[in-house]
Amino acid sequence: DLQSRPAVETSLEDPLAMVRANVIYGVVRGADGEPVDKARVALFGMEGDEIAWDADYDALRLDHVTTGADGAFRLRTEKTGAVLLAASAPEHPPVAHRLTLDAASGPRSIDVSLDPGHAIHGTVRLNGRPLGGASVRARVAGSARSTDLDGVGGVWIAGRVHASGGVFGTGEDGSFSLTGLDDATRTLSVLGIDRHLVLRDVTRLAAIDVSPPADGVVVDISAAVVRVEVRSGLKLISGAQIGVRPADGGGASFKPSTDGTVDILLSADTPAWVEVEHERYGEVKQELPGYAAGSKTVVTLDLGPPKARASARIVLRDASGVPVRQAGFQVLDPNEGNPIHGFDGGLGLRKSEDGVYVLEDLEAGKRTLVVTPDRPTDVFRGPYVRIVRSVMLAAGRETALELEARKGARVMLRVRGADGEL
């Protein structure tokens, strides 16, 4: 019995909690009057007719809870004035109630009813053929905001709540099913496609507006398909990052390639640049002219031979000859100071009982080696001074180095204010 529960849980540390807090409680029920399990209920601050947006999400959401089998919820907030109580559940569109709270309002009881939602069923096609692995987004038509708000409340627009834009994947036959929608018109668009790189305007041009319920909806992408093959001579090279960017500028979209190929979708007659990056082979790019919609083209980018590789054998001991059993390693470009190998490049933190470290598969050439002895974590240094050495890593050879780890001085600072207090 909700009404028999204490309105606010007080504590000795906060004796004024009973005075400050507003409590809202009730039950979420379906159209049949039965409690709804796993419904998400949240309370948001309001500014006019919209949610009070804040860069800090925790400050945006005043309180939230997920219901149990009894559908009961209980929220509290110290805020007064306009608030939005929003609720949603699987297979149900979200609903909301705008409330006005004041310090003297006391506990507020409100039951929330969720009606069955509508559905949109359809298929994504590429040049008229079903397309599996596509991500379909549904957002309220004309909405500038489609934030999910952790699945609760949808988007507050002009005094009503709309279901927020979820992302749904298509099956192998290109089919998709969007459920739990209200009756607002949705704009359906494709965000991404497995194994495909998509240049900006392709999916935007395929977007369509649909009012639920609807069945047999078709989102048809009309595009040129360019298969990029990354090779070294005749050999396909896996592990490359392949990207595409508009010819007139703008950021590139990248996708890793596990088999040396990737398919790029371009709008008809739209030139672009394709770029390939590979740790062992370097970089290459090529301009793509415009292609006709529905066409299929294969473009080969040759990375040439792999960069020369080297290795290093490092003996690391302290001034007494005792092995240093843990250290962090980085290899930098001596000209630009950028990491070639490091904590993100596979070297990172290493351990060795005898203080001998072997670094393999390094890019040959003149490099700057940075060693942090006895580095306890990837964040904090140990008691030793960082070692920086300029080394020449010869291709096909192991470079031997003996390094001495020296302990650094410790400095204690005392900070005093203008009044002389520490």
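R280, R309 and D361 are joined in a network of salt bridges, a salt bridge being a side-chain nitrogen of Lys or Arg within 4 Å of a carboxyl oxygen of Asp or Glu. The structure is a predicted model, in which local features need pLDDT of at least 70 and side-chain atom pairs count only at pLDDT 80 or more, while totals for chains, interfaces and linings use all residues. Residues are numbered from 1 along each chain as its sequence is written, and side-chain values use heavy atoms, with hydrogens and water left out.

Strands (E, at least two residues) and helices (H or I, at least four) are DSSP runs numbered from the N terminus. D361 is partly exposed, because its relative accessible area is 37%, whereas R309 counts as buried at 13%. For these classes, buried means under 20% relative accessible area, exposed over 50%, and partly exposed in between (1.4 Å probe, protein chains only).

A second pair that involves strand β33 is formed by K307 and E363, whose side chains meet in a salt bridge at 3.6 Å, N to O. K307 lies in the loop between β28 and β29 (309-318) and E363 in strand β33 (residues 356-363), 56 residues apart. K307 counts as partly exposed, since its relative accessibility is 32%, and E363 counts as buried at 16%. A further salt bridge connects the side chains of E229 and R231 (3.1 Å, N to O); E229 is buried, with a relative accessible area of 16%. Side chains of opposite charge can pair when their charged atoms come close. A search of the whole structure finds 11 salt bridges.

Strand β24 (residues 253-257) contains S257. This serine is buried, as its relative accessible area is 2%. The S257 side chain reaches the backbone nitrogen of G260 at 2.8 Å. Leaving aside neighbours within four places in sequence, S257 is in contact (heavy atoms within 4.5 Å) with S238, G239, A240 and I242.

At the surface, V411, L413 and V415 form a nonpolar patch with about 370 Å² of accessible area together. Patches are made of residues with over 30% relative accessible area and no salt bridge, like charges being joined within 9 Å and nonpolar side chains (Val, Leu, Ile, Met, Phe, Trp, Tyr) within 5 Å. V415 is found in the segment after β36 (398-405) and counts as exposed, because its relative accessibility is 65%.

The chain holds three helices and 36 strands. Of its 422 residues, 43% count as buried. Among contacts between residues at least 6 apart in sequence, 65% join residues at least 24 apart. The chain exposes about 22200 Å², of which carbon and sulfur atoms supply 48%; accessible areas come from the Shrake-Rupley method with a 1.4 Å probe, and for residues only the protein chains shown count as cover.

The mean pLDDT (the predictor's confidence in each residue, from 0 to 100) is 78 for the chain, and 79% of the residues reach 70 or more. Confidence is lowest in strand β13 (residues 155-157), at a mean of 32, and highest in strand β28 (residues 296-302), at 95. Over residues 49-60 the pLDDT is below 50, and this stretch has 29 contacts in the model beyond near neighbours in sequence. Residues 144-166 also have pLDDT below 50, with 78 contacts beyond near neighbours in sequence.

Technical notes: A polar contact is a pair of N or O atoms within 3.5 Å; within protein, one must be able to donate a hydrogen and the other to accept it, and residues adjacent in sequence count only if both atoms are side-chain atoms.
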